Amino acid sequence: ARRQRQMCIRDRFGTMHELAAEIAAGLDRRRGRSVRVASVAMLGTAAVAGLAFFATRDAPCKDVDLRLGQAWTSSRKENIAARITSVPELGDAVWAALEERLDARVEAWTVQRRDACEATHVRGEQSEGALDLRMRCLDRRALEVEALLETYDTIEPARVPRALTPLERLPTLEVCADLEFLELSRPTPEADHEREAVVRLRERAGRLAATSSGDNLEEHEAAAVALVDDAMALGYEPFIAEAKLTRAKIESLLGRGEVAGKLYEEAFEHALATQHLEIQVWTSVVATFVYAEQVGDLDEAQRWGRQAQALLRAH
């Protein structure tokens, strides 16, 4: 029976990322009317206004959406394209896919960033507190792309076949439009000194996630251990959960399923204690894969999978 259950999981979800995408899709299904209205407004504005949307800027939102466009420049594209397409046979195909996905990511981030600002300062549909939550979320998503671009700037030929992997691992942007989800996550401390420290730690975590694609994993593990130590020293529990999740993912990539499983347990406990819903969900998602594929404990894998689904239904 255990073998039959294992075959079922493997047949349905070939990789952790497929499983994560399936569970994360529940975020869209559970959203309330307010989030759907915001999404429709965002997409409608982009479709109707087109280029004029970016040409006519209201003062409160001037330049609020420029960050990723300034990072993903034509000169940078040319440099990265030259590196990737120099690899025989697969370079051209990898670059075409990479450019398309990065263009889409930057465009979606830009539209959502401006929509977040206009929802508060132009349309009056959203509070300042809601704007702050959305902007902080989008800042984290921007940092992830910027860190990834830095790795592509110096990409070596041996890494080109895996160039798309870290891009595919990036969290969904749609979460940043889900106010209910963001409010439950409590992602940022109130005190200024703590907030600044957490921002710096999240920058480290983002760069670590963007570069841990299979090369120099032992170095990444050491950096992840240091990240957890610094998070523990700061004492801000929601980020302790994030840091332990970051380290758990790297331990998993190293094939250390038992170590990763313990870290997932710890990350989930910290996230549960602080109502950090995003980490509760993603910890449950990746732990499902690790227990099924690396530890070989199907009962534990199913427990984590049911937990992920329950979290999504509850919220």
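**Note on the predicted model**

1. The accessible surface of the protein comes to about 15,100 Å², with 52% of that surface belonging to carbon and sulfur atoms; such areas come from the Shrake-Rupley method with a 1.4 Å probe, and for residues only the protein chains shown count as cover. This is a predicted model, in which local features need pLDDT of at least 70 and side-chain atom pairs count only at pLDDT 80 or more, while totals for chains, interfaces and linings use all residues. Residues are numbered from 1 along each chain as its sequence is written, and side-chain values use heavy atoms, leaving out hydrogens and water.

2. The protein has 16 helices and 0 strands, where helices (H or I, at least four residues) and strands (E, at least two) are DSSP runs numbered from the N terminus. Of its 315 residues, 49% are buried, a term that means under 20% relative accessible area, against over 50% for exposed and in between for partly exposed (1.4 Å probe, protein chains only).

3. Glu 251 lies in helix H13, which spans residues 237-253, and Glu 251 counts as buried because its relative accessibility is 1%. Not counting residues up to four places away in sequence, Glu 251 touches Glu 221, Arg 256, Val 259, Ala 260 and Leu 263, a contact being heavy atoms within 4.5 Å.
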